[in-house]
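Good morning, and thank you for coming. Please look at the sequence and the model on the screen while I take you through selected features.

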Amino acid sequence: MLKNLKHEILETNVGVLLVGTMIAISIGGLVEIAPLFLIKDTVENVDGVRPYTPLELRGRDIYVREGCYLCHSQMIRPFRDEQLRYGHYSLAAESKYDHPFQWGSKRTGPDLARVGGKYSNEWHVQHLTAPRSVVPESVMPNYPWLLTTPLDYSDVEDRMRALRTTGVPYSTSQEEYQKNVKAFGEATAKMLDISHAQQNLIAQAESGNYDGDRSSISEMDALVAYLQVLGTMVDFSKIKPEDLVKYR
Amino acid sequence: MADNVQNNQGPQTTGHVWDGTLQEYNNPLPVWWTYAFYATIVFAIAYWLYYPSWPIGQHFLTGFGKIEYTNAEGQKEDWHWNTRAKLLKETEDAVALQKPYYDKIMSLPFQQISKDPQLYSFVQSAGKPLFADNCAACHQSGGSGKIGMAPNLADDSWIYGGTYDKIQETITNGRHGYMPPFAEALEPEQIDDLANYVLSLSGNKVDPAKAAKGDELFHSNTAACFYCHGANAKGRQDIGSANLTDKIWLWADVPDAQDTAGKVALVTQVIKGGLNRGVMPTWQGRLSPEQIKLLTVYVHEFGGGQ
């Protein structure tokens, strides 16, 4: 039987070759992708990770629109050099509400997974407007329009509803709201309520004053609010390092 | 293929004939290559057995490889090989290597650290990347600072104090510069007088009459500038108010202004609008107390330390 199974059969029958190729490729895909959905510890069970607030979410959209991910990753790998430079390695749990995730695979600029809180809002505004004014060797483009373009938040509810269909727990009903109160606490649950999204967005932009100008809400407000929350949700001082080891 | 024919090794073809005449040569892979290929298969099996590999239902084959590390309770424990365990182990090893230095840094008073040549070179080599990663974005390389962003750390002028303790406090807790706006509280002429006076303090040529009026206003309860900047206008480091008598400017780029009017305009802007900036983030949590102490010495050694 085995003697008759010659490679020649594959080489001389295009239909068999096609089926054989598809089987070989799907094995590769199944082995690499399927386990991530099946293995129960892929996403770590850690406290603190919450969906983005409406303002942060709009900031994230601008991040994607401007293509920040083309040069900046958001994935600190568990290597010593990366930990020394960027901070604690990224957890799968930290991007569980990201659709699509911004892990990236290209670093022309530094990783941004833990940039939140590392610089002041002022610095971000200055740096996004004119990067070389603070980092002379930078090759990052200038983004001066962020400061002058008013943020369009008219459709923020729709954006939240779209994410809700992917499983992000933005709430549309009292029942879902109560679930969020239990999961994230009252203050966060209020921010995740779609019916108050615009109101919450305006309130956060005004109290945070991310772009240094309280008179209007610019795209800069949203982007800086987003950057300032990156990597800050999980309090690693409360987690034993070996517990994270055991998730893998 | 042509070689095959020239060497007259006979017709090594696959045996198929297409169209009556077309034949295909058969060139088997070299033996060494075939065995190397089999060897990679054997290697792969060994690899699967040592490292985490095949998924099995909700779990996976963890492999025989183990990594031993010290847990949070200080006890040795091991876990199957994975990159997180490996990082934990490598971090422990590196920390152990640096421990003698950091122990010494933590036990010695600041003044002693830079006097010990070995410790001094450790501070310099470990401080350089720490400063570059965390501080240089605002304070620039070498701590030269930037007008409108962050103060120079290499000069003798300190906003919050240049002693070791103060530098450590600043790095640990961060800072937030604040000056109230005076646009509502004062008349435009009064602000103009004050700007002239403030500029006169650092030797700028201004309108002496206006400066005299500004002097009076500065020390009066109407403007009350002296509350924060002091009667001698030298600033107070406990609240981070600027010394107005030196030629160092952080927020109003006076040295860059073309003429007196330009200088007055810059200072007027600050008095009118106040300041709510100069925010330095807190580094507690991001850096360890050991790293902060080392960085304190590193920054102090830029030359401005007091």
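This is a predicted model: local features need pLDDT of at least 70, side-chain atom pairs count only at pLDDT 80 or more; totals for chains, interfaces and linings use all residues.

Let me begin with a definition: two rings of Phe, Tyr or Trp (for Trp, the six-membered ring) form a pair if their centres lie within 6.5 Å, and the pair is stacked if the planes are under 30 degrees apart, edge-to-face if over 60, and tilted for the rest. By this rule the structure holds 22 aromatic pairs over all chains. In one of them, the rings of Trp48(B) and Trp54(B) have centres 5.0 Å apart and planes at 80 degrees, so this pair is edge-to-face. Relative accessible area tells us how far a residue is covered: buried means under 20%, exposed means over 50%, and partly exposed lies in between, with a 1.4 Å probe and protein chains only. Trp48(B) is partly exposed at 34%, and Trp54(B) is also partly exposed, at 34%. Ring pairs also link Phe43(B), Tyr47(B), Tyr50(B), Tyr51(B) and Trp81(B) into a cluster.

Residues are numbered from 1 along each chain as its sequence is written, chains are lettered from A and ligands numbered from 1 in the order in which they are written, and side-chain values use heavy atoms, with hydrogens and water left out.

We turn to the domains, whose bounds come from an automatic or database domain assignment. Chain A has domain 1 (2-41) and domain 2 (47-245), and 41 Å separate their centres, taken over C-alpha atoms. Chain B is divided into domain 1 (1-64), domain 2 (70-127) and domain 3 (157-300). The C-alpha centres of domain 2 and domain 3 of chain B lie 39 Å apart. How many residues of domain 2 of chain B are in contact with domain 3 of chain B? Counting heavy atoms within 4.5 Å as contact, 13 residues of domain 2 of chain B meet twelve residues of domain 3 of chain B.

Next comes the interior. A nonpolar core is a set of buried Ala, Val, Leu, Ile, Met, Phe, Trp, Tyr and Cys residues joined through side-chain atoms within 4.5 Å. The largest such core has 55 residues, and those with the most contacts inside it are Tyr52(A), Leu55(A), Leu128(A), Tyr170(A), Leu223(A) and Leu227(A). Helices here are DSSP runs (H or I, at least four residues), numbered from the N terminus. At least two residues of this core come from each of α3 (54-65), α5 (121-129), α7 (156-165), α10 (197-208) and α11 (219-229) of chain A, and from α6 (136-139) of chain B. Which helix gives the largest share of this core? That helix is α11(A), with eight residues. Leaving out residues up to four places away in sequence, Tyr52(A) touches several residues, including Arg60(A), Asp98(A), Tyr170(A) and Tyr226(A).

Charged pairs are my next topic. A salt bridge is a side-chain nitrogen of Lys or Arg within 4 Å of a carboxyl oxygen of Asp or Glu. The count comes to 29 salt bridges over all chains. Arg107(A) and Asp111(A) form one, with their closest N and O atoms 3.3 Å apart; Arg107(A) is partly exposed at 27%, whereas Asp111(A) is buried at 5%. In chain B, Asp93(B) pairs with Lys89(B) at 3.2 Å between the closest N and O atoms. Why are these two separated by about one helical turn? They are four residues apart in helix α3 (residues 83-107) of chain B, which means about one helical turn between them.

Asp116(B) and Lys104(B) form another salt bridge, with the closest N and O atoms 3.1 Å apart. Asp116(B) lies in the loop between α4 (110-113) and α5 (117-134) of chain B and Lys104(B) in helix α3 of chain B, so the pair ties together parts twelve residues apart in sequence. Asp116(B) is buried at 17%, while Lys104(B) is partly exposed at 36%. Salt bridges that share partners also join Arg58(A), Asp61(A), Asp155(A) and Arg159(A) into one network.

I close with a loop residue. Gly161(B) sits in the loop between α6 and α7 (164-173) of chain B and is buried at 5%.
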